[in-house]
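Q: Can you walk me through this one? Start with the terms, then the rings and strands.

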Amino acid sequence: MPPKKLTKAEKEKLKKEEVERKAAEEEERRLQEEEERKQREEEERKAQEERDRLQAIEDTRFAEETAALDVWLVHQKGSYEEWKTDEWKEKQWDRYVSCEKLPNPLSESELNTYLQCWEQDVEDNKVVETTFTHIEDALRLCEEIRCIVDDEFVPSVTDNHRQLLAEVLVNTQRILWNKVDEVTCRVLEEGNKYLDSDSNLKLEHKTSKMAFCLWGNLSKNPRLKSFSFNEQDILVEIPKPLQLADVAVRVMWPPYDPLSQQIDKHASGDSERKGPEDATENASIIVDTTTNAQLESNDITNENSVAETDTVENASIAASEKDKESSVVQISSEGEETVAEDTEEARNTPADDRQVGSAADNVCGLEGDEVDTRAFVPATGGLVMIELLRLPPQPKFVNGWTIRQVTDDGILSHSYPVDVNATLGSATWTTFKVSMKLPEGVMINNDTKLARWDHSKKTWRTGGLDDINIDIEAGTVTCMAHQFAPIALMLDRYTNMPYQMWEMKPQAVDHTLFSITGAVVELQFEIKGHQCCLTAASIDDSPALPHLVKKWTTFCVLKQALLSAGVNLFPEPDADNYVSIVKKDEQVEAKVYQQMSLLSCVVGFSWSKWNSEVGEQQFVVQACEHVSQQTSWELYIAGNRSCKLKMKDSDEQFSPETAENHESHPDIFSTMDKVLSEATKQRLKKTSAQHIECVRQWLVSTKPLTYS
């Protein structure tokens, strides 16, 4: 029997029931989803509340730990300032009882009186020894002022006072060079008093800080081809056009570099990036500057001759390049000559083949053979100021009378070549040989350049010097010069950067070892209290810098001694243009160094290969508590959020996972404080403020967390 057909009413009823069923199911699903949503929101709310609770607990703990660190820092700063005040008072008393003849740098009236009396002392330049004794005293005064300007903790010395002292330094250096010129004029006018075996004027005078040599062509002997100063081991050939001329040659080794400071810092791309702690660095830069007024006054007498000389010289160089292949730099440790073809590409390629340096050269627009003084600096003792001067009329002796022509011209430069209108290749234009010894106690390497000073452009250039041979083994340097001008051995500032590794290991209370392994030299320093010394230095496992080892002094003095020895471990603000590094936040870095210095007597720190794997505001270091000489390094993240890591430095992959049973802290000091034993914490409290400050100066100046 066929199924009964549904009526229209029945169909409508079924349809209605189906709609109601679906609606019920939809409502049930909606209610279930709403319940799940409410449950999920409740769980999220509870989780957020828990996170907020934990964050509040952490914030409270961070605030407490930060406050505890601030107490340490305030106490340390106060203790150091108190110690510094006592030390300064003791120094002032020692100065008073010693009856020091130099003025007190803190007394403006004494400084003004000293400078006025010295400048107006016309008798001072009559005796060479007396003049240079007074110059030596002035240089001692400059060093004393420099220490005050560089030290930010000198009591009762304000920024205005530091600026005043910087101006005093500039004025002192101006008078110093005036005195050098005055004694030069005096000797030239009385050449007969300083005759050598060849009947020429010859004078050598050396002090502990500078050397002064003067030669005058009195005999006009055409067979005399050269002259030398034996005490300084320098030989200068006499160009043929000058053999019969009234000329003199002054050769000086200045106590500092008075030329590079004239270079336009903006043109040479000096970084404007300065931190709040750079005020003393700026003052230090002013301190090292010689008077532009005095140097420019010397340059005025040179301008005409230099401008003419440069014109002929450049043309001569161009002509010689067409005729032959000239060698750029020949550096040999075995006495062998290395010749490189002087192509345009070679001239434009820096001695340092780092790509960063090349990019920086392009940015600052260096031209041709111009030396980038941000990357290269004259070696101490390697700067020789060679000047060609006019020989004044000599006195005549008649019947017991001395007849001398009186002139007010002062010191005058002599142009070379003699006849600037002469055609190239004529007898009026010849290069001349200069041979001298390498400076003692300075590390010379294969990156060293020889450059001459361009008076007209106020810059160092490698052009104008041919057949250069720097023989490290024999300790000599020779070249063929185109003109009489200052020449200098230019050292690569950053040859030891980035560091291969570094390590800071505590030995006892107020006793820390700090070692740095550079690309060339390996150094270890010992820090005790406020003093430090170089304990070991080696190059390829051979001892180096014996004159600096075990000489206890302050950080500032040792830093200057290292720079004078050609060892630069102190990056300039723009060093990242020349050294391949991962940039870090400078303010955070400075805080980390402060915290590391607080721990320097109880916690060892070392370099980690994973430092480049974290952000700008974090640093990865190895650290361990000092219990014995054996070390068990653990890995830590230092910065605004610090913690102990689960991984080891020897692992193949980096992981930021925090070690078990350890939590994050606001700084590395608080992080280490949680793992130190009670005995170690007691030793930590015994660390003196002056030791902490000395360690901090080393860390801030060398920047091992960034330049390694």
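A: Buried means under 20% relative accessible area, exposed over 50%, and partly exposed in between, with a 1.4 Å probe and protein chains only. This is a predicted model: local features need pLDDT of at least 70, side-chain atom pairs count only at pLDDT 80 or more, and totals for chains, interfaces and linings use all residues. Residues are numbered from 1 along each chain as its sequence is written, and side-chain values use heavy atoms, with hydrogens and water left out.

Q: Are F525 and W698 buried or exposed?

A: Both are buried.

Q: How many aromatic pairs are there?

A: The structure holds 18. Rings of Phe, Tyr and Trp (its six-membered ring) pair if their centres lie within 6.5 Å; planes under 30 degrees apart are stacked, over 60 edge-to-face, the rest tilted. One of the pairs is Y416 with F484, edge-to-face at 5.7 Å centre to centre and 85 degrees between the planes.

Q: Where do those two sit?

A: Y416 is in the loop between β9 (401-403) and β10, F484 in the loop between β14 and β15 (487-492), 68 residues apart. Strands are DSSP runs (E, at least two residues), helices too (H or I, at least four), numbered from the N terminus.

Q: And why is F525–W698 called tilted?

A: The planes are at 35 degrees, with centres 4.4 Å apart, so the pair counts as tilted.

Q: New topic. Which strand pairs with β14 over six bridges?

A: Strand β10 (residues 432-437), in the antiparallel sense. Pairing needs at least two DSSP bridges between the strands. S435 has T478 in β14 as its bridge partner.
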